[in-house]
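Take a look at the structure below. The report then walks through its bonds, its core and its surface.

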Amino acid sequence: MKKFAAAAGAALGGLALVAATQGAAQAAPATAEAAAPSCVQADVTYLVGIFVDITNNCSTTQKVKVDYDRDYFSPCFTLAPGETASHSASIIYASRYEGLATC
């Protein structure tokens, strides 16, 4: 009986270790988006939604997207030097502009 209890305890301990390892792997945070360079600027207007005009003031082409709260992002924009793009978000999807991120 003692051998059975020891074997059962070892098996349960092994299962707990596997479950803890899998839980840690699943709970790992997603890679954070890198912030866009400071030479890419956004002009934000709040009305019924959020309106963002993005301007690339860099000397190189930049790929950026708008980051809103609620894990909502715009599509990726590829902007040549001096180029501008616009994106808007309905208050259904986002309530706050959080910045520009590379993509």
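The sections below cover the model, the disulfides and the core.

## The model

This is a predicted model: local features need pLDDT of at least 70, side-chain atom pairs count only at pLDDT 80 or more, and totals for chains, interfaces and linings use all residues. Residues are numbered from 1 along each chain as its sequence is written, and side-chain values use heavy atoms, leaving out hydrogens and water.

## Two disulfides

The structure holds two disulfides (pairs of cysteine sulfur atoms within 2.5 Å). One joins Cys39 to Cys58, with S to S at 1.8 Å. Cys39 lies in the loop between α1 (2–26) and β1, and Cys58 in the loop between β2 and β3, so the pair ties together parts 19 residues apart in sequence. Helices (H or I, at least four residues) and strands (E, at least two) are DSSP runs, numbered from the N terminus.

Cys58 is buried, at 7% relative accessible area, while Cys39 is partly exposed, at 27%. Buried means under 20%, exposed over 50%, and partly exposed in between (1.4 Å probe, protein chains only).

The other disulfide joins Cys76 to Cys103, with S to S at 1.9 Å. The torsion about this S-S bond of Cys76 and Cys103 is about 80°, so the disulfide is right-handed.

## The core

The largest nonpolar core has 15 residues. Such a core is a set of buried Ala, Val, Leu, Ile, Met, Phe, Trp, Tyr and Cys residues joined through side-chain atoms within 4.5 Å. Ile54 and Tyr68 have the most contacts inside this core. Contact means heavy atoms within 4.5 Å.
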